[in-house]
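Colleague: Before I use this model, I would like to go through the labels attached to it. Please give the value and the cut-off behind each one.

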Amino acid sequence: MTMKSAGERELPSREEALSLLKAAGCSPAVIRHCERVAELALRIARACERAGIAVNTRLVEAGALLHDIGRSRTHSIAHVFLGAEIARELGLPEELVQIILRHSGGIRPGLARAYGWPEGDYGPRTLEEKIVAYADKRVEGPRVLPFEEALAKLARELGPDHPAVVNLARIHEELRRLLGDELP
């Protein structure tokens with residue numbers, strides 16, 4: 001990786017991202033999950049490109065590969081905050097840090113403060129953040145869940161009004177409007 005500005009690195013390549021996951025101590029299962037999320041996220045990003053929609057596919061791939069780097073330290077929701085901290089410590093670009101921080105789809109009010117972060121819902125904002133969050137919720141083990149199944153599973157786990165559930169439904173609608181039947 002080359003240096004960008006003010007100590008910030010360029011986006012890591014696929015190989016560099018996988019090395020970062022291993023160096024951080026992520027388990028083989030977490031790394032496999034990240035690879036599968038990256039495969040789906042790249043399919044969505046490439047469908048966007050074919051539809052003439054501007055998307056940074058390198059950022060999508062790096063974000064999808066590194067979204068769970070915080071699971072090297074915990075499997076609780078705190079992994080999003082720890083992952084963002086790890087990414088900042090590594091000098092990764094802020095846009096990549098934001099994907100890691102927002103990939104959960106959103107958190108309950110008050111939770112960020114409990115982990116020492118500013119209050120907020122941490123829902124995905126940019127198209128790249130949305131693609132990674134969406135792909136993450138659709139990948140379970142070796143399968144890509146149909147959207148309806150992924151949404152129902154998340155609603156059972158978190159409750160139907162949880163910000164992550166609401167945001168997943170919104171992202172799906174946005175991607176359907178943009179891509180129609182091209183949405184994997």
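Modeller: What follows takes the labels one at a time; the model is a predicted one.

Colleague: Why is glutamine 98 called buried?

Modeller: Glutamine 98 has a relative accessible area of 16%. Buried means under 20%, so glutamine 98 is buried. Its place is in helix 5, residues 94–102.

Colleague: What makes the pairing of the side chains of glutamine 98 and glutamate 94 a polar contact?

Modeller: The distance is 2.7 Å, and the cut-off for a pair of N or O atoms is 3.5 Å. Leaving aside residues up to four places away in sequence, glutamine 98 also touches Arg88 and Glu129.

Colleague: How do you know that there are zero disulfides?

Modeller: A search of the whole structure finds none. Take cysteine 26: the nearest cysteine sulfur belongs to cysteine 34 and is 6.3 Å away. A disulfide requires two cysteine sulfur atoms within 2.5 Å, so cysteine 26 is in no disulfide.

Colleague: Why are cysteine 26 and cysteine 48 called buried?

Modeller: The relative accessible area of cysteine 26 is 8%, and cysteine 48 is at 0%. Buried means under 20%, so both cysteine 26 and cysteine 48 count as buried.

Colleague: What span is expected for helix 8, and what does the model give?

Modeller: Helix 8, residues 147–158, has twelve residues, and at 1.5 Å a residue the expected value is 16 Å. From first C-alpha to last, helix 8 reaches 16 Å, close to that expectation. After helix 8 comes glycine 159, with a positive phi near 100°.

Colleague: Which residues of helix 8 are buried, and why are they said to line one face?

Modeller: They are Phe147, Ala150 and Leu154. Viewed down the axis of helix 8, the buried residues fall within an arc of 65°, so they line one face. An α-helix has 3.6 residues a turn, so residues three or four places apart point the same way. The buried residues of helix 8 pack against helix 7 (127–138) and helix 9 (163–179). On the other side of helix 8, Glu148 and Arg156 are exposed.

Colleague: Which residues touch the most other members of the largest nonpolar core?

Modeller: That core has 56 residues, and those with the most contacts to other members include Leu21, Ile44, Phe81 and Tyr134. Helix 2 gives the most to this core, with eleven residues.

Terms used: Residues numbered from 1 in each chain as written. Predicted model: local features only at pLDDT ≥ 70, side-chain atom pairs only at ≥ 80, totals over all residues. Heavy atoms only, no water. Helix = DSSP H or I, 4+ residues; strand = E, 2+ residues; numbered from the N terminus. Buried < 20%, exposed > 50% of the residue type's maximum accessible area, 1.4 Å probe, protein only. Polar contact = N/O pair within 3.5 Å; in protein donor to acceptor, adjacent residues only side chain to side chain. Contact = heavy atoms within 4.5 Å. Expected span 1.5 Å × (residues − 1). Arc of directions from axis to C-beta. Core = buried A, V, L, I, M, F, W, Y, C linked by side-chain atoms within 4.5 Å.
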